[in-house]
Amino acid sequence: MRWSQLFIPTLRETPAEAEVVSHQLLLRAGYIRQLAAGLYSYLYLSRRSLLKIERIIREEMDAIGAQEMFLPELHPAEVWRKSGRWDAIGHDMFRLQDRWGRELCLGMTEEEVMTSIAIGELRSYKQLPQIWYQIQAKFRDEPRPKSGLMRVRRFTMKDSYSFDIDAAALDISYKKHHAAYCRIFDRCGLRYIAVEAHSGAMGGSQSHEFAVPSDAGEDIVAICEGCGYAANLEKALSKHRQPTAPDQSADEPAEEFATPGKKTIAEVAEFDGAPETSHIKSLAMAADGKPYLILLRGDHSLNEAKLSSVIAAAEIRPAHPEEIRKWFGADAGSLGPVGLTDITILTDQALRDRGDLIAGANKNDHHLRHVTPGRDFETTFADLRAVAEGDTCVQCDTTLKLTKCIEVGHIFKLGYRYSESMGLRVLDPNGKEVAPIMGSYGIGLERILTASIEQNHDEAGMVLPATIAPFEVVVTPVNLKDDAQREAAEALYQSCRDRGIDVIFDDRKERAGVKFADAELIGIPYRITVGNKISDGIVELVTRSTRQSTDVRLEEAVERLAEVLANSAGADDSSASP
RNA sequence: CGGGGCGUAGCGCAGUCUGGUAGCGCACCUGCUUUGGGAGCAGGGGGCCGGGGGUUCGAAUCCCUCCGCCCCGACCA
C-alpha cells in the first residue's frame, strides 16, 4: 500500500473528549471516528488490525474443531421469550418492531439462536459434541458507554457455544476453549491472566475470565503472587484481618444506648469507642420487592454479586428510604437485626462465632451493645463480603493484590439453562431423551485492540505487536527527490510484497520528521529508513518498541526483517510468520 | 436515572461575566524556497457561534427550552 493514496487522518492534538490513552491514540492515529455515544466507525487502520485479530481467533477456533456460522443480528422476540430472557433483561436490549408490529431485538449474544438451531437438528448423542461459533456484531444499550472502544453499544464478538452429552464431555469442550483462548491472547501479544469469575445471575457452574491488567480496566481482580490464585472481585475469596479488639464474654444482655446524629459505622465507632470490627453493618436490600437485611462486619463491604448467588431473585437493589422506614421503623443509620420478625436476615461468615457486638436498634439515633448472632436474632450465614485491600489468600496466606483489569474474554459452563428452558433434547445411548449440557465462550475483538494499546504505547504513540498491527513494516524514504533513495525504497517495497510481508510505503511528499512521527503514532512495529547512507548501499532497520536502529545492507534488509518478524512478540514458531 | 463539565472553522482553543461587524494556533488550497524528527515566506478558502423560542435598535454573549458529547456515580452477561 502506498501511503500517499490512503486515508489515514492522523491528528496532531488530542481530541478533548478522549480520556483514556487507548481512546486518545485510536482517534489521533486515525483508527476510528465517533458516530454517536458508544458507536464508532472503524476506519482503514482499525479495520486492518481487527481483521488480523479476527483471523487469529478463527485459526485457533478452527484448530479445536469449532465450526463457524453466520447468524442474523436481528432476532425475533419469540426465541428470547422461550428462554425467559425477553423479560429478564431490561433496558440493555435494543428492541424494535417490524411493519406488522411484531417484536424484534438486536442480538446481545446468541444462546437463543444457536439453541434454536440445535433444537431443529440435533437428535442423537452420536451428533455430539458440537462447537459452533460466529464472529459478529453485538448490540447492548449500555447505560454509560465509555473509554472509546472499551465499552460501546455495538461491538464485535467471537462467541461460541458447545453442546455435550454430559458434564464430563462439557469439561473437555471447556478445557479446549481455555487452551485456545490462551493461544489467541498469546498470539495477540497480550500480557493477561486467566481468573476465576462470577458466572452471573443466569446460572452456570464454572467460569473463567481472561483479564488484561490495566488502569483503564473496569474489573478488579484479586491476585495472589504466592500461589497463583486469581479471581474477579465478584467471586474472590480471602481471609479477612482479625478484629481489632477481642469480643468480651457474651453473657450480658443486649442493651440500648443513644447515639445522637451518628449514622455511619465510622461515626458510631468514634462515638462509642469500640473499633469498627466490633460493629455490625446492617444493609437493607429489596429482592423482587421483598425485604432482606444483610449483616457485615463494620469495616467490611457487601459484594452484590455474591449476594445475588445467595438470593434467587431477578432484581436486587438497596431498599428505598420509604421502604426502610416501613420495614424497620427507623431510617438507615440506625438499622439492626434484633427484634425483626418478617425480614430475612443474611449474615456474612466473618460474623460467625462473634458476640458482644454493636448494631442499630431500629430506633433512630439509638444502637444496641452486647449483640450476639444466634442468641439475639436468627440468621443464615453466607459469604457476602467483598475482598478488601490487605486481605490474605485463603490458600497460602500471602497478601492479595487488587488489580484493575480489562476483560477480553470469558468462558462459561452454562449447564442446562438453555437446553431445558428452550426444549433441546437428544437420545442417549439407552434411547432415553436427555437435555445436552452447554457452554458459552466469548471474546471481544475491540477489547483486544484496546487492551493492547493500553499495554503497549509510549509518548509517541502506539507500539502494537506485529501480529495485530495494521502493517508489519513501513518503508520510509527520507527524501523522495533523491533518485537513489526513491529507487531503493521502491525496490524494498516490492520485495517486501513479494515475500508476503505486510508493508506500507510512505511515498508522501512530506518531510522526514512528519513521516517518522506518523509511523510511530500508528504503531507500525518496524521501519526501514532509506536515507543518505544509501550511497554506501546501507539502509536502517528501526524497531518501534525500542526505537533502536540497525544499519543493514540494502540487499539483506528484507531477509533481516523477515527474521525479526518471525521472532517478534506474539509470533508463534510455525504458522504466524506470513 | 442522580451529580459535574462542555458544545464557536476539520482539530485544539479564546471571545460569553460587562450585548455593538467572529478571532488565534494547527490542519487545508496556491506559489516559491527547504528536505534525517511534526519547515519558512507570501497569498487564499472555510462558520445557521448545537437547535428552537424570547428580551433588545442590536444576541456567540442575557432569559426559557430542547438536543448532543464527556467524566463520576447508579447500572451492567
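User: Does S46 count as buried or exposed?
Analyst: Heads-up: this is a predicted model, where local features need pLDDT of at least 70, side-chain atom pairs count only at pLDDT 80 or more, and totals for chains, interfaces and linings use all residues. Residues are numbered from 1 along each chain as its sequence is written, chains are lettered from A and ligands numbered from 1 in the order in which they are written, and side-chain values use heavy atoms, leaving out hydrogens and water. Now for the cut-offs: buried means under 20% relative accessible area, exposed over 50%, and partly exposed in between, using a 1.4 Å probe and protein chains only. S46 has 0% relative accessibility, so it counts as buried.

User: Which backbone oxygen does the side chain of S46 reach?
Analyst: S46 sits in helix α2, residues 44-63 (helices are DSSP runs of H or I with at least four residues, strands are E runs of at least two, and both are numbered from the N terminus). Contact means heavy atoms within 4.5 Å, and beyond four places in sequence S46 is in contact with Y31, I32 and L449. At 2.8 Å, the side chain of S46 reaches the backbone oxygen of Y31.

User: What share of the residues in chain A is buried?
Analyst: Let's zoom out. Chain A has 14 helices and 31 strands, and its C-alpha trace spans about 95 × 65 × 50 Å along the principal axes. Out of 578 residues, the buried share is 53%.

User: How far apart are the centres of domain 2 and domain 3?
Analyst: Domain bounds here come from an automatic or database domain assignment. For chain A, that assignment gives domain 1 as 16-222 + 403-453, domain 2 as 255-381 and domain 3 as 464-567. Taken over C-alpha atoms, the centres of domain 2 and domain 3 are separated by 66 Å.

User: Why is strand β14 largely enclosed by the rest of the structure?
Analyst: Strand β14 covers residues 280-287.

User: Which residue of β16 does A286 stand opposite?
Analyst: Two strands pair if DSSP finds at least two bridges between them. β14 runs antiparallel to β15 (residues 290-297) with 8 bridges, and antiparallel to β16 (residues 316-318) with 3 bridges. On the β15 side, K281 has L296 as its bridge partner. On the β16 side, A286 stands opposite R317.

User: In the hairpin of β14 and β15, which residue in the turn has a positive phi?
Analyst: There are 2 residues between these strands. The phi in question is about 50°, and it belongs to D288.

User: What is the distance between the C-alpha atoms of G226 and Q395?
Analyst: G226 is in the loop between β11 (219-223) and β12 (230-232). Not counting residues up to four places away, G226 touches C396 and T398. G226 and Q395 are 169 residues apart along the chain, yet their C-alpha atoms are separated by 9.0 Å.

User: Which element gives the most to the surface near RNA strand B?
Analyst: A residue is near a strand if one of its heavy atoms lies within 4 Å of it. There are 39 residues around RNA strand B, with R12, R85, T109, K481 and E520 coming nearest. Elements that each supply at least two residues are β1 (32-36), α13 (512-522) and β29 (526-530). With 7 residues, the one that gives the most is α13.

User: Which residue has a polar side-chain atom 2.4 Å from a base oxygen of RNA strand B?
Analyst: A polar contact is a pair of N or O atoms within 3.5 Å; within protein, one must be able to donate a hydrogen and the other to accept it, and residues adjacent in sequence count only if both atoms are side-chain atoms. A polar side-chain atom of R527 lies 3.2 Å from a base oxygen of the RNA, while a polar backbone atom of G513 is 3.5 Å from a sugar or linking oxygen. At 2.4 Å from a base oxygen, the residue you want is K481.

User: What is the relative accessible area of E520?
Analyst: E520 is in helix α13. Beyond four places in sequence, E520 touches A460, G461, M462, R527, R544 and R547. E520 is buried, with a relative accessible area of 17%.
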